[in-house]
Amino acid sequence: MSLRRWTRDARLTLAMRNPLGGFGRVPSTPAQTLRDPWPGNPTVGERFVRNQTLFDGTTRHLQHGRWDNPNWPESYRRWLQSFEWLRDLRELGAESARIKARSLVATWVSIPGPERPVSDPAITGARLASWLSYYEFFAAAADEHFRQSLMAALIMEGRSIMALMPEGAENWHALTALKGLLAVAVALPEQQEFLQRYLKLIDAAITQQFLPDGSHITRNPENQLQAVREMAEMLSILQASRLPLPTALMETANRAAPVLRAMRHSDGGLMVFNGSTERDPNWVEHVLSRASRSRVMAASQPESGYVRLASGRTLLLADAGTAPPAGHDTTAHAGMLSFEFSSGKQRIIVNCGSSSQPGWAQALRHAAAHSVLEFKDLSPLDLTAAGGVARRPKVTRNNASLDGAHWLYMTHDGYTKQGGGTYTRQIYLGREGQTLRGEETLPGGTRTDFCVRFHLHPDVTIEQTENGFLLYTEEESWLFQSDAHATIEESVYLGGPHRASTYQIVLTPLLPPVAEGVDPVPDGEEHVAAQDEIAHNDSHPDAEQEHPVSDYQEDPQFLHHDTPDHDAYAAYPEEPQHFEPAIQEHTPAPQQVDAEDDDYAPIPRDPPPADSVPTLLAGVTHLHYSTTHARTASMAETLFAEQARAEEAAARQARRVEEARAAAAEDVSSPLPFAHPTQPQPLPCPPIRWALSLVSE
């Protein structure tokens, strides 16, 4: 046993000595109680009266004196031992609920101190705050023996928090532990060690958890919500007790609440990234109203990397940041560059969400569970056995706005060392929010076995048409188009209160067929052929006019540079003129393509009118959609025949290379086969372009 562990256990043993047996005086009532600002659920309270618990949609039988079970989920165990369900009994309000609450608290405080499960100070802190918040409900009219035992329990368990902190709890759970310590300090003002210890720990806990822009260091919107809630409670306790407000706590709460507002969709729920779920919009609004009286929303989140683009009724939220640092990365998802899109109060494109169940929790961390590009056998993140991140990709981002239109340019190198290239995603959100366009590319990549997924919210229905996929909401219709192979696959959504089946649109690159036995055209001849084809198209009277490629990446006056350097949490350069040198240093500049060389401009400055939807992909020579819905097919099985033929051709090429290698091994004077200038080269990764446009309201 390490010295640190031994000293911690010794402190905990000393803390859990019952003060009723010593020389100290234990008051029979608290000097001040608390007021819990959060509403309860009377249905849950009614179940408790019937010796049942209702948590996360599951009903369990309540056994007398049973507070732990190895078969219970961790989240349920924490909830049961926290006594936060006292608010549900209080909400029920019946005398039977009062008696049940008193009985359950008496059962807990009757456990000998050394035998109580107090190793998690966050659970202990929530329990102490709950006891003092509902003291008038269940304890004020109780006999003196019960009240003395309860006060002794407050002292013992408050000391256990002092013995275990700051190492005992991490992230927002550390704030829960300190909230309990503050609650005891208010209830027992004569024992000043509780308040002194709280004031000593709170500043460090706040500083370690929040980035300068007010974002939680885990980049998890759920953690942002919980941390803001805990800070709001502590500020309320301090103000009610007329105690001085810690500067770090007050300033951080004023920054964190606007960031939480920016993490919401227009329906009031949270965006679904890095382990979060939608949450009840009323609950989120209630937390925000308690945390801050103003309705200010953060304009940007440079340290966390989230990007918020709003135009008209539409809203796009994108994850343009890398994984958080070690120790705060257990909920990090491989969803870099993914986005969610909503119109009004309807979410349209989403990520799949998160779950507390181990199997689902692990699966939902992969890139395939996000609306983003992914390889079936590559991951942009390497996860450790403990759930942390072993390898963090470098992420860059740039965004610009002009006259209500938005441009977003993002990259990450998570696939670079694995042969996938630098993933580059460009997005354009048009004026009035009627057009959303994007382009997915992999500069430097040599693999074409990737796909781009767009998960749909369960409330969205989809229909295939000759022009693309029509997406229907209760109020609008949207048309999704692409120049790549497109198919519909089944998906799942765990961002809401219950798991729901839904669909996803999957795009795979359109590859030219490779005829067996025919060598590819050398680079020089291919370039000449391309020029001849362009000249032929220009001379043809029916040739389609091409859209000009946007040059927004070269125009610094419209750009807001947001590209972090090697430190993912470095300061955010606010001045637009910093864009050009930073791009040269950190961001691989996109190749400049003349309008003559590209028949599709995914990011124009001006969106087309809504009534010209079929021409959104004007100039695209191929629109490929599957003829049937692949409702039961797996993601890998939805790859198209052209891709299969390309893979077969690549396999044949690999065999020829291996045969040539073997021949070269016998004749060392022969050059390596892949060094010959006429040897076939890997196919470049083709770009995937797509467009989503409003059809009708």
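Predicted model: local features only at pLDDT ≥ 70, side-chain atom pairs only at ≥ 80, totals over all residues.
Residues are numbered from 1 along each chain as its sequence is written, and side-chain values use heavy atoms, with hydrogens and water left out.

Side chains of opposite charge can pair when their charged atoms come close. R431 forms a salt bridge with D403, with 3.9 Å between the closest N and O atoms; the term denotes a side-chain nitrogen of Lys or Arg within 4 Å of a carboxyl oxygen of Asp or Glu. R431 sits in the loop between strand 12 (423-429) and strand 13 (435-441), and D403 in the loop between strand 10 (395-402) and strand 11 (405-412), so the pair ties together parts that are 28 residues apart in sequence. Here helices (H or I, at least four residues) and strands (E, at least two) are DSSP runs, numbered from the N terminus. D403 is exposed, at 57% relative accessible area.

Strands 12 and 13 also carry a charged pair of their own. E440 forms a salt bridge with R425, the closest N and O atoms being 2.9 Å apart. Because E440 lies in strand 13 and R425 in strand 12, this pair ties together parts that are 15 residues apart in sequence. E440 is buried, with a relative accessible area of 0%, and R425 likewise counts as buried at 0% relative accessibility.

In R50 and E46, the closest N and O atoms of the salt bridge are 2.8 Å apart. R50 counts as exposed at 56% relative accessibility, and E46 as partly exposed at 35%. Elsewhere, a network of salt bridges links E74, R77, R78 and D120. In total, the structure holds 31 salt bridges.

Attention now turns to helix packing. Two packed helices are described by the angle between their axes and the distance between the axes. For helix 9 (residues 171-187) and helix 10 (residues 193-209), the axes come within 9 Å and cross at roughly 160°; axes are lines fitted to C-alpha atoms over the stretch in contact, and angles run from 0 to 180 degrees between N-to-C directions. The two helices are therefore roughly antiparallel to each other, the term for angles over 145 degrees. Contacts (heavy atoms within 4.5 Å) join residues of helix 9, including W172, L178 and L182, to residues of helix 10, among them F194, Y198 and I202. The residues of this contact divide into 15 nonpolar, 2 polar and 1 charged.

Two further residues complete the picture. P324 is found in the loop between strand 4 (314-319) and strand 5 (339-343), and is buried with a relative accessible area of 1%. The C-alpha atoms of P324 and R219 are separated by 6.8 Å, although these residues are 105 residues apart along the chain. S477 belongs to strand 17 (residues 477-482) and counts as buried at 12% relative accessibility. Leaving aside neighbours within four places in sequence, S477 is in contact with L471, Y472, S693, L694, V695 and S696.

How values were computed
Parallel < 35°, antiparallel > 145°, perpendicular 65-115°, else oblique. Nonpolar A, V, L, I, M, F, W, Y, C, P; charged D, E, K, R; others polar. Buried < 20%, exposed > 50% of the residue type's maximum accessible area, 1.4 Å probe, protein only.
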